[in-house]
Amino acid sequence: WSIHFSLLQSSGPGDRWMSLGFRGSLKDSDLDVPPKEQLSFAEKLVESHELMVRASLTLEVEHHWSSHWVTWPAMLRGVLYWQKYPTVNDELQLIYLVGNPVVWGLAGFSVAFFCVWLIGSVYVDGKLGTPEKKLFSNGWWITLGYALHWLPVSRMNRVCFLFHYAPALIWSVLLFSLVADYLCERAVLSVLKGLALRFEI
């Protein structure tokens, strides 16, 4: 934020939402605010965040590219970021936010797998070997991070888009690495057990 404020020092159309003290500290401002009434860095930081939270809570109007939070893990709807309408010698140009379906699919599978595995192995069976203990000890807090970044959005009344799922997606990708490691370790142990039984026979 210090870099942000140091680079954006000039007054512009976006500062009309800010207080007089904030606007008066900007270059090229049409306000004559005494230096003692201008905001400090900490005051600017607090005011900026207050305005962002207030604006976020009041964005209740629907948008053509908005999507419901339940659809995000399946990536059912992307976001159109930019478009350029065609001229006589030009074509329609569009930029979409669409996730990689392989990454999205494997990450979603990992979350579902871990939740089912957690219920079956920990709460029903109760027996954990070394691979299971490793998956449980690391997987529960990653899944908690995923849930804390995804589920609270379900309570928001504002319009939401696919990019609101990005922080939760990072947690699910982390979980995929654990699940893949667990499944590979189980497969290797299964092969080794099979070889050991064959040699014993």
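**Close-up A. S48 is found in helix α3, which covers residues 41–57.** The model shown is predicted: local features need a pLDDT of at least 70 and side-chain atom pairs count only at pLDDT 80 or more, while totals for chains, interfaces and linings use all residues. Residues are numbered from 1 along each chain as its sequence is written, and side-chain values use heavy atoms, with hydrogens and water left out. Helices (H or I, at least four residues) and strands (E, at least two) are DSSP runs, numbered from the N terminus. Is S48 buried or exposed? S48 counts as buried, because its relative accessibility is 10%. Here buried means under 20% relative accessible area, exposed means over 50%, and partly exposed lies in between (1.4 Å probe, protein chains only). Leaving out residues up to four places away in sequence, S48 touches W1, F5, M18 and F22; contact means heavy atoms within 4.5 Å.

**Close-up B. The whole protein, for orientation.** There are 6 helices and 2 strands, and from the N terminus on they follow the order α-α-α-β-β-α-α-α. Of the 201 residues, 27% count as buried. Take the contacts with a separation of 6 or more: 59% of them come from residues 24 or more positions apart. The accessible surface is about 13,900 Å², and 65% of it belongs to carbon and sulfur atoms. Accessible areas come from the Shrake-Rupley method with a 1.4 Å probe; for residues, only the protein chains shown count as cover.

Close-up C. A107 is buried, because its relative accessible area is 2%. Which residues does A107 contact, leaving aside its neighbours within four places in sequence? They are L169, S172 and V173. P73 is 34 residues apart from A107 along the chain, with 8.5 Å between the C-alpha atoms. I170 is 63 residues apart from A107 in sequence and 8.7 Å apart in space, C-alpha to C-alpha. I170 is found in helix α6 and counts as exposed, because its relative accessibility is 55%.

**Close-up D. The largest nonpolar core, with 27 residues.** A nonpolar core is a set of buried Ala, Val, Leu, Ile, Met, Phe, Trp, Tyr and Cys residues joined through side-chain atoms within 4.5 Å. The residues with the most contacts inside this one are W72, L135, Y165 and L175. Two or more residues of this core come from each of β1 (79–84), α4, α5 (130–150) and α6 (166–200). Zoom in on L175: neighbours within four places in sequence aside, L175 is in contact with S110, V111, F114, G139, I142 and T143. In soluble globular proteins, nonpolar side chains tend to be buried together.

**Close-up E. S66 in the loop between α3 and β1.** S66 counts as buried, because its relative accessibility is 13%. Not counting residues up to four places away in sequence, S66 touches R77, V159, C160 and F161.

**Close-up F. A nonpolar patch on the surface, formed by Y85, L92, L94, Y96 and V98.** Together these residues have about 520 Å² of accessible area. Patches are made of residues with over 30% relative accessible area and no salt bridge; like charges are joined within 9 Å, and nonpolar side chains (Val, Leu, Ile, Met, Phe, Trp, Tyr) within 5 Å. A salt bridge is a side-chain nitrogen of Lys or Arg within 4 Å of a carboxyl oxygen of Asp or Glu. Y96 is found in strand β2, residues 93–97, and is partly exposed, because its relative accessible area is 41%.

**Close-up G. Aromatic pairs, of which a search of the whole structure finds 13.** The rings of Y81 and F163 have centres 6.4 Å apart and planes at 25°, so this pair is stacked. Y81 in strand β1 and F163 in the loop between α5 and α6 are 82 residues apart, and the pair links these distant parts of the chain. Y81 is partly exposed at 48% relative accessibility, and F163 is partly exposed at 33%. The rings of F109 and F113 have centres 5.8 Å apart and planes at 35°, so that pair is tilted. F109 and F113 are about one helical turn apart because they lie 4 residues apart in helix α4. Rings of Phe, Tyr and Trp (its six-membered ring) pair if their centres lie within 6.5 Å; planes under 30 degrees apart count as stacked, over 60 as edge-to-face and the rest as tilted. Finally, W69, W72, W104, Y146, W150 and Y165 form one aromatic cluster.
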